[in-house]
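Dear colleague,

Please find below the structure that I am handing over to you. My notes on what was found in it follow.

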Amino acid sequence: MKIVVLAGGRSTERNVSLSSSAKVANALRRKGYEVALVDLFLGLPNADEQSMANLFTSQEQDIDLNISDEIMTDDVINALRPDGSTQLFGPNVLNILAMADIVWIGLHGGDGENGKVQAVLDLNNIPYTGSGALASGITMDKSVSKEIMLYNGIQTAKFVNIRKEDSGTVVLPFGFPVVIKPANGGSSVGMYIAKNDDEFKQDLKQAFEFDDEILVEEYIDGREFSMAVVNGKALSAIEIIVTDGWYDFEHKFVTGNTTKFVTPPDIPDDVHEEMKSIALKTFKALGLSNYGRIDFFWNENGVYVIEANSLPGMTPLSLMPQEAEADGVRYDDLCDQIVQGQVKHLGIQA
């Protein structure tokens, strides 16, 4: 079976995507698939049909996993393309994707997770892993997804949505501290915790550098967990314990920090089962499929869903692979299960 792992793209999480995708591509090669790793934005300029086909057969060595963890701006990413063009799909990308039996979407953030890439693949009848265009777009928009959660009786933090043009007249319906995050984004890029009005104004201004729409949430004081769902099954939860601040971008992707992960977590069995039930309910309510991840807080008032992630990271520090390992599923097998689950769901013959 031929698989394209679609990576990179053009978002602040570009390097996270490259790291995830390189690891996935190596794992799928070890499982016997013919794998081509393709950068969505850079593509393969001046390629002919033979050179594109050769991408699937060049399996001699693992792909380099030594990828920077810096957050990249649009200007920096655009400068990577020599011709100065800024179309999301690079040269020959669609041609290469069409050669695959299935595409592993290894993109994160921005156009990788908001459903736009998925819609293009749908229009070209190219099958892919993960959720469809509509569910991806809904999940990427934190305000919309939280409204759907509330409609379905899923407990989540109180929130308000603030547009850039209205930021000078904000009245919060709850007190400090508050969580400030871009309405459309991931990996905690542009996320802040404000403890007073002065911090709120400054953090809000900084958050608007990442999005024109900001979500402000009531701060939930509790233990933090995440739970992946793969092919309709909720994995063991993982507890995220940060001893120096909170679970921001650096704690997620930079080695050497003081974050501790515990899976299975030390919580009562009934709470763990409740989390699994809520994860599956949230997954269904948002229309997600194949695989994804639900993030929680838990305190004396119960389980709160923070948000859902339609394309969880697969880097060495990512949560889903750790959960799978705790359930006896090695990284390579996890990747294989995701591919085979989608192949079965879509009825792909390869």
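Leaving aside its neighbours within four places in sequence, which residues is aspartate 203 in contact with? They are Ile180, Tyr192, Ile193 and Ala194, where contact means heavy atoms within 4.5 Å.

Please note that this is a predicted model, in which local features need pLDDT of at least 70, side-chain atom pairs count only at pLDDT 80 or more, and totals for chains, interfaces and linings use all residues. Residues are numbered from 1 along each chain as its sequence is written, and side-chain values use heavy atoms, with hydrogens and water left out.

Aspartate 203 belongs to helix α9 (residues 197–207). This aspartate 203 is buried (under 20% relative accessible area, with a 1.4 Å probe and protein chains only).

Helix α12 (residues 319–326) packs against helix α13 (residues 331–346) at an angle of about 105°, and their axes lie 9 Å apart. That makes α12 roughly perpendicular to α13 (angles of 65 to 115 degrees). From α12, Met320, Pro321, Ala324 and Glu325 meet Tyr331, Leu334 and Ile338 of α13.

For the protein as a whole, the secondary structure comprises 13 helices and 13 strands (DSSP runs: H or I of at least four residues for helices, E of at least two for strands). Of its 350 residues, 53% count as buried.

With kind regards

Key:
Axes are lines fitted to C-alpha atoms, for helices over the stretch in contact, and angles run from 0 to 180 degrees between N-to-C directions. Angles under 35 degrees count as roughly parallel, over 145 as roughly antiparallel, 65 to 115 as roughly perpendicular and the rest as oblique. Buried means under 20% relative accessible area, exposed over 50%, partly exposed in between (1.4 Å probe, protein chains only). Lys and Arg count as positive and Asp and Glu as negative; His and the chain ends are not counted. A salt bridge is a side-chain nitrogen of Lys or Arg within 4 Å of a carboxyl oxygen of Asp or Glu.
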